[in-house]
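Have the model open beside you and turn it as you read. This short report walks through a few places worth a look.

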Amino acid sequence: MIKRNILLNPGPSTTTDSVKMAQVVPDICPREREFADMMKDLRSDLLKIVHANPDEYTSVLFCGSGTINIDVCINSLLPEGKKILVVNNGAYSSRAAEICEYYGLPYIDLKFPIDQLPDLEVIEKTLSDNPDIALVHTTHNETGTGILNPIKEIGALAHKYNAVFTVDTTSTFAMRPINVHDDNIDFCMASAQKGLMAMTGLSFIVGKTSIIEASKNYPKRSYYCNLYMQYDFFERTGEMHFTPPVQTIYATRQALNEYFQEGEKAKWERHTRVFNAIHAGLDELGFKDVIKREWQAGLVVSVIYPDDPNWDFIKVHDYCYKRGFTIYPGKISNTNTFRLCALGAIDESDINDFFVVLKEALKHFNISIPIKYN
Ligand SMILES: *Cc1c(COP(=O)(O)O)cnc(C)c1O
């Protein structure tokens with residue numbers, strides 16, 4: 001029996017014991033056919049999660065955390081002489097803009113307030129004023145705040161102006177239902193420790209095969225993180241170019257089995273139950289959210305710190321942590337916030353148990369209930 005911790009941070013998420021135990025396997029060289037066969041199935045299952053037609057889309061695996069996917073898409077999919085548009089209303093799109101900066105790529109960082117939806121008219125004007133934009137990138141659920149971006153509409157604009165649309169779906173993939181065809185997605189991405197509820201170390205991109213093949217002749221800006229190179233190696237050999245995260249891949253195989261067993265709809269309903277329980281618990285204590293509820297993606301709640309002299313996030317965190325519940329700091333520079341997330345193998349009853357502990361913590365540190373705001 002492994003101690004069960006309830007992780008309310010935005011990934012890695014709470015996993016099932018069967019996923020944890022799937023890592024304990026006989027030693028194997030990942031260049032064996034047995035291992036390649038497993039990755040082949042895994043790659044095709046990743047397409048099924050976002051309902052991608054295998055004649056049009058493929059998936060490519062990388063060894064790394066989720067950020068590797070953003071790096072790979074940005075550095076690999078831009079033709080010579082063209083520009084990237086980052087639709088940016090939060091920390092993860094800012095990360096994409098930084099990646100453009102680090103590679104020295106021409107880009108427009110189109111910023112919107114972090115608590116607001118991006119303005120589609122401004123996006124369209126930017127595209128029509130800059131016909132050299134060949135790639136539009138944004139984030140589906142800005143995990144820093146929990147806001148859900150209108151990817152379908154942004155994707156339609158990207159396509160209207162002949163640009164490729166890449167979306168960071170790291171905090172929605174295998175949680176919130178996605179259909180790459182309906183949602184106008186050319187490339188989406190995630191890593192195994194988030195929606196799939198597996199382990200860290202495996203990341204993957206689902207994208208249009210024809211675009212990857214066209215990128216063969218684009219400038220090569222990274223050796224380790226090139227999308228065409230990794231895709232081509234998989235197609236020719238069935239293997240990852242460099243050493244894969246072997247045990248993580250076994251855990252991901254098990255996690256995919258559990259994903260299909262639970263089912264897209266039932267899983268999303270469970271996350272929604274958890275999310276609603278988080279809101280109910282926060283409401284009862286009088287906490288306030290940063291993002292309007294109707295704009296939240298249903299997975300992350302950013303909560304504003306109380307204006308209470310006794311409030312100390314670290315103390316409250318430590319109190320909860322000792323009792324098996326992990327809460328997480330915010331990612332907003334101008335407001336003090338913490339986050340509670342609905343990811344992972346948890347359900348409503350775990351959230352109810354958490355709020356018993358949180359309430360105890362507030363009482364223990366003499367923080368007033370209901371929560372005080374000035
Ligand atoms: C978690 C996450 C990532 C990846 O972060 P890593 O720390 O590299 O795993 C990227 N984008 C979004 C939206 C995320 O939620």
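R236 is exposed, with a relative accessible area of 56%; here exposed means over 50% relative accessible area, buried under 20%, and partly exposed in between, using a 1.4 Å probe and protein chains only. Before going further, note that this is a predicted model, where local features need pLDDT of at least 70 and side-chain atom pairs count only at pLDDT 80 or more, while totals for chains, interfaces and linings use all residues. Residues are numbered from 1 along each chain as its sequence is written, and side-chain values use heavy atoms, with hydrogens and water left out.

The side chain of R236 meets that of D232 in a salt bridge, at 2.9 Å from N to O. A salt bridge here is a side-chain nitrogen of Lys or Arg within 4 Å of a carboxyl oxygen of Asp or Glu. Both R236 and D232 sit in helix 8, 4 residues apart, which is about one turn of the helix. Helices (H or I, at least four residues) and strands (E, at least two) are DSSP runs, numbered from the N terminus.

## Salt bridges across the chain

Side chains of opposite charge can pair when their charged atoms come close. How many salt bridges does the count come to? The count is 18. One of them joins the side chains of R43 and E235, with 3.0 Å from N to O. R43 belongs to helix 2 (residues 33-49) and E235 to helix 8 (residues 227-237), so this pair ties together parts that are 192 residues apart in sequence. R43 is buried, at a relative accessible area of 11%, whereas E235 is partly exposed at 43%.

R273 and D347 form another salt bridge, their closest N and O atoms being 2.8 Å apart. This pair links distant parts of the chain, 74 residues apart: R273 is in helix 10 (residues 264-285), and D347 is in the loop between strand 14 (337-341) and helix 12 (348-364). R273 is partly exposed, with 34% relative accessibility, and D347 is also partly exposed, with 24%. Have a look at D45, K48 and R253 as well, which are linked in a network of salt bridges.

## Around the ligand

Which residues come nearest to the ligand? Of the 13 residues around the ligand, these are S65, T67, T143, D168 and K194, where a residue is counted as near if one of its heavy atoms lies within 4 Å. The shell divides into 1 nonpolar, 9 polar and 3 charged residues. In that grouping, Ala, Val, Leu, Ile, Met, Phe, Trp, Tyr, Cys and Pro count as nonpolar, Asp, Glu, Lys and Arg as charged, and the others, Gly among them, as polar.

An N or O atom in the side chain of S65 is 2.5 Å from an oxygen atom of the ligand. For T67, an N or O side-chain atom is likewise 2.5 Å from a ligand oxygen atom. On T170, a polar side-chain atom lies 3.4 Å from a nitrogen atom of the ligand. Taken alone, the ligand exposes 380 Å², and the protein buries 86% of that; these areas come from the Shrake-Rupley method with a 1.4 Å probe, and for residues only the protein chains shown count as cover.

S171 is in the loop between strand 8 (164-168) and strand 9 (187-191). Is S171 buried or exposed? S171 is buried, with a relative accessible area of 3%. Its side chain makes a polar contact with the side chain of T143, at 2.7 Å. A polar contact is a pair of N or O atoms within 3.5 Å; within protein, one must be able to donate a hydrogen and the other to accept it, and residues adjacent in sequence count only if both atoms are side-chain atoms.

Leaving aside neighbours within four places in sequence, S171 is in contact (heavy atoms within 4.5 Å) with N141, T143 and L299.

## Backbone features to check

The peptide bond from G11 to P12 is cis, with omega near -5 degrees, and P12 is in the loop between strand 1 and helix 1 (17-21). The bond from I369 to P370 is cis too, with omega near -5 degrees; P370 lies in the segment after helix 12.

M197 has a positive phi of about 60 degrees although it is not a glycine. M197 is found in the loop between strand 9 and strand 10 (202-208) and is buried, with a relative accessible area of 8%.
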